[in-house]
Amino acid sequence: MTITIIPDEQKPQKMQRDCQQFNIRAPIDEPGTIRTNDDVHTTIRLCPATKTIIDTPQMQRLRGLKQLGTAELVYTTATHTRFEHSLGVGHLAEKKVKGIAERQPRLGITEKDVLCVKIAGLLHDLGHGPFSHVYDGLFRNELKKKSSGNDELYNDVPPDCRKMMDGWKHEDASLSMLDALLKHLGLEIDDSEDGLDKPLLQIGDGIDATKFGIYGYKQEEDVWYDGTQNLPQDFVLTSRDWIFVKELIAGGPLPPKGMSIKAAKKSPSVKLQIVGRQNKEYLYDLVSNIHSGLDVDKMDYFSRDGCRTATGESAFNDFLLENAYVAKGNCDSPEECWKCSGKPRNEHYHLMICYQSPKTINTAMSFFRQRFNNYKNIYEHHKSKAASYMISDILALADPYYRLPGSKLPISLAMTNPDAYVKLKDSIIDTIELTDDENLQPAKELIERYRSRKLYKRVAEQSISSNVAWSQALWQMDQKEIVEGILELSDGYMNLSSSDIIVDKMEMHFGMKEENPVSHMRFLTKASLIQTRNKPEDLPIAMKVDESDYECDTSKSYFQKSIRVFYKQLDGDGIVSKHLKDCFEGLVERVESEYYQLPNDETVSLSGSIVDMGANINVCTQSPVKSDAEESPFVSNTKKRRMNGFGESLFQSAVGRMDER
């Protein structure tokens, strides 16, 4: 056995090497550090600061929010929560930024930068409501339909809480929930100029602001900081650090108080400014990447969701983490980018996260393809979507009558009060079910049907082609107009009403709609990697890679759209569903037929697609025009007789909307 004796003069240096990453890679037996197992990343280590954050009610609430909402009705193992996902994002954020710091030490990435990025990953989903995106999506849309005539039912709601911010999304709630989390710890952000670089304001009992931050060894002082002493400036978390965390969650500058992130970005009178890390703009691409969409949030949930539903890879691929660098690049989203907004085009270069070419291109394309596959197989699965619509209806039926405990707020306005919002979880349907109020009986009946898995039924679906004019005209029709068209063709059958029918417009893409998301990434050649060791001002320029260089990895199309029709009522024998299917297909045939029946050889232009109505060939599809004999067999004679009058007005209104755009 060999014994190595370390000279006394070398002991401080060794201690520094062993301990300077205390907060990041502390051994499992280090006091205050814990480890948790994870089915995607194997092991996730949590330092004392992150453990303190995790043990708050705001963070623990995420245990009661399923990551995939209603998808467990399709995939029985899809029961993982936003808590698990948040731990995974924090872990990947730390791993990615730490890897960049090790490969490019001249960037000056500090331990506090790493900790802040990790905290942002942990807290980025604090603002989510029940059942994934149902709360800030389908539920809100349903409430807008039922808003008229229900105002008197909300008279008991405090006046200052009756209206939420324009453009509100769950990211806005994440910012307010973060403030509530700090308040729970007895702390508050001081955004005054004098308080930015000082510890958080102490507003109550809880965590000592001067001892909240990084624990470890500081060589210059030869002191171990273990939480019992006041931390030095480069160890303590300041108000600027927490503003930086909030900016990471928002994906850029924070909006003024009382304004949503979306509204602030759109307002020409609001001047947004970064406060957290003005000279490290690349850090803002880690948790929420507005440039290419490749960030650690998506890295985790693409992998985790695919793993838990057995529709994707069973192991996480960290190849992109290991080959990430910081370099200069030409910004592809100057309008959305806080660094480039308002600057001339030749000044749209700034530091951003880049990757080594060509070896990461295939992996990047696979990453974005996984997004499409997840949407197709999981998020937009027709049964999962039907269940989501049911949950939306349950919440909408209960909203006028149910008030959250400890407040007078309905479900729809819970986000205006963090103390009420912290109690709103997926268990809300259990609470509604147990509440003794006859006004909630319709919601309870729908809950019973949901639990019996008697879901709304998808009765029809029509794919939308981007280069066929009549198909685009169908897509331009709003949901209400499509429902009215179906009901007109139904001709009063079974007394069907608009409330029985849902028209769902589904969009699935690789992340940038019609565009190839890899074309929004920037890459470095292997030869230029040596230059990444330079100072920030001397870093190399990363370039966009031409699609011809990875032609085999590209797709013919990156965007897929379709219109689906759901029937809400129970239909055991399927007769009504079949009738609705015929009516929708008749409506589709009607819209299509107008493109072949316009008089006087008219030519119509829609979205750049030209169709010569007098010719026998559709210029868009190069396919022969259908004759009457080729009409689809499901269109009855009655439907055909209706086509002429209704179809022409429908077509003209669609053309008018397209011309306006």
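Helices (H or I, at least four residues) and strands (E, at least two) are DSSP runs, numbered from the N terminus. This is a predicted model, in which local features need pLDDT of at least 70 and side-chain atom pairs count only at pLDDT 80 or more, while totals for chains, interfaces and linings use all residues. Residues are numbered from 1 along each chain as its sequence is written, and side-chain values use heavy atoms, with hydrogens and water left out.

**View A. Helix α6 packed with helix α9.** Helix α6 (residues 111-123) and helix α9 (residues 239-250) pack at an angle of about 50°, and their axes, which are lines fitted to C-alpha atoms over the stretch in contact, lie 9 Å apart. This makes α6 oblique to α9, because angles under 35 degrees count as roughly parallel, over 145 as roughly antiparallel, 65 to 115 as roughly perpendicular and the rest as oblique.

**View B. Residues where α6 meets α9.** From α6, Lys112, Asp113, Cys116, Val117, Ile119, Ala120 and Leu123 are in contact (heavy atoms within 4.5 Å) with Asp241, Trp242, Phe244, Val245, Leu248 and Ile249 of α9. By class, this contact of α6 with α9 has 10 nonpolar, no polar and three charged residues.

**View C. The second largest pocket.** A pocket is an open set of points on a 1 Å grid where a 1.4 Å probe fits, with protein on both sides within 12 Å along at least five of seven lines, and lining residues have an atom within 4 Å of a point. The second largest pocket holds about 1200 Å³ of space, and of its 35 lining residues the closest to its centre are Asp179, Lys246, Pro255, Pro256 and Lys257. The largest share of this lining, seven residues, comes from α8.

Notes
Axes are lines fitted to C-alpha atoms, for helices over the stretch in contact, and angles run from 0 to 180 degrees between N-to-C directions. Ala, Val, Leu, Ile, Met, Phe, Trp, Tyr, Cys and Pro count as nonpolar, Asp, Glu, Lys and Arg as charged, and the others, Gly among them, as polar. Grid points are joined across faces, edges and corners, and a volume is the space filled by probe spheres set on the points.
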